[in-house]
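This report looks at selected features of one protein model. The sequence and structure come first, then the notes.

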Amino acid sequence: MSSSPTRRERVHLDGRTLEGGGQLVRIALALSTITGQPITIDHIRGNRTGKKGLKASHLAAIKYLADVSGSAVSGAEVGSSSLTYHPLPDAETCVRQNRDINIQLPTAGAISLVFQALYPYLLHGNCISDEEPQPQPVRVKITGGTNVSFSPSYDYISQVLVPNFARVGLPPLAVRLEKRGWATGPFSLGKVTFVIHPMDRNQESPYGFPPVDLDRCLRGKITQIDITVLAPDTLLFGGPDQLKDRRKENSRTSKDTSQSMTIRQFIEYETMRMLRSRLQRIPSSIVKRGSADSPEAIPINLHTSERTHHRSHIHILIVAHTSYGFKLGREALYGAHREDSQRKTGGRRGRPTDDRGIATELIDRCVDDFVSELYDPGRQSTSEGRQPCVDEYMRDQLVIFEALGKSTSKCEANGKGKEDERYYSLHTQTARWVCEQMLDVEW
């Protein structure tokens, strides 16, 4: 087993750095617990509009990591702008006594973000004894929100994150949906179960993590596209006038076929139609097709279509499969609006309130983001760098594993070129910054 580096003095982090949100806290907590290095974070979520400081989802991760590692904590309260986290000196991480972990959020906070904070430690924290010579799986049940604004959905985790983790060499990870939980509409808590297989320690990295070198990974061409639609089966109405006559429309058959469609059917149909139209603008070097004029050669499948029970419970996920085995995903959720949404709608005030308008805006947002992920003419790779093998939102979640898996020995590059950092989001830049502060890594 590789030995961990010597502990250093406490690291002070300014929570307003770069993205200045909760990701900085989650990564710092995971690294502190793994390395035994104490941290103090001030101005937590200082760049956020509205409420700042710690949220309930942060506290759930802090409480678990502190309990299992024996860490001392101060400032662990909802709304706290400062946190000090101090692991025990020379404590060996071990979750052998915690094979079944149950974490319950009081609100529909994002399950995915709690998982993000715990996962690196749970991969690392295994115990091997004479009775159990191999690391044993850990089952984690988290209650909270599965479809929450500004966080990966359960569907993104299962269809994009899990296969990408496997593709870059992390141990097996299984995820199962027990119940959906939505942050919009009627109060609803969901539950997701994760089965995590702790890693066998790698001798080449200081903390035993496997090497994750994305500079050696190519994206390849898009070979298949999957669509997931979660929406109600209520009949679609196209505008305020039709909303007034909802009862009348329900009592007779309309000649307009769209009026007999449900919201879910409309989203399925329009997402397919819009995707096929916009894929024609993408060069054949990006998308695998039979011929330059045949984008239909790309299989577009309805992966999941699930009925929900409230008009605010609408979610769309589009996932691309690549020829090198990676998954690229983009999603849109009712209630989660992009900062540029007013510009996208031509500066109109307000947002659509009718079923058709809401659905159309979500479809347009999701397809537009997905196509931009595949091909952005204003940000094309150069001879000195290339597009990352994963999507923008997946990229930042791999940073901590890149840093923890850095080899103690130098490896020669394989000549395929480094990633073009123009594709890095502010979240990715923030994740790299935290790892630099705590691990002294060089990218």
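## The largest cavity

In this predicted model, the largest cavity has a volume of about 130 Å³. The count of cavities of 30 Å³ or more comes to 3. The lining of the largest one is made up of 14 residues. Nearest its centre lie Gln-116, Pro-120, Gln-397, Ile-400 and Phe-401.

H3 supplies the largest share, with 5 residues. By class, the lining holds 9 nonpolar, 3 polar and 2 charged residues.

## Strand S7 and Val-175

Strand S7 covers residues 173–179 and includes Val-175. Which residues touch Val-175, once neighbours within four places in sequence are left aside? One set of contacts is Tyr-154, Ile-157, Ser-158 and Val-162, among others. Val-192, Thr-193 and Phe-194 are also in contact with Val-175.

Ile-196 sits 21 residues from Val-175 along the chain. The C-alpha atoms of this pair are separated by 8.8 Å.

## Helices H7 and H9

Helix H7 runs over residues 263–279, and helix H9 over residues 355–374. Their axes come within 10 Å. The crossing angle is roughly 35°. The crossing of H7 past H9 is right-handed.

On the H7 side, the contact involves Ile-263, Phe-266, Ile-267, Glu-270, Thr-271, Met-274, Leu-275, Arg-278 and Leu-279. H9 meets them with Asp-355, Arg-356, Ala-359, Thr-360, Ile-363, Asp-364, Val-367, Asp-368, Phe-370, Val-371 and Leu-374. Sorted by class, the H7 contact with H9 has 12 nonpolar, 2 polar and 6 charged residues. Among the charged residues are Glu-270 and Arg-278 in H7, and Asp-355 and Arg-356 in H9.

Technical notes. Residues numbered from 1 in each chain as written. Predicted model: local features only at pLDDT ≥ 70, side-chain atom pairs only at ≥ 80, totals over all residues. Heavy atoms only, no water. Axes fitted to C-alpha atoms, helices over the stretch in contact; angles between N-to-C directions. Helix = DSSP H or I, 4+ residues; strand = E, 2+ residues; numbered from the N terminus. Left-handed = near helix turned anticlockwise from the far one by under 90°. Contact = heavy atoms within 4.5 Å. 1 Å grid on protein atoms, 1.4 Å probe; cavity = no way out; pocket = protein on both sides within 12 Å on 5 of 7 lines; lining within 4 Å. Points joined across faces, edges and corners; volume = space filled by probe spheres on them.
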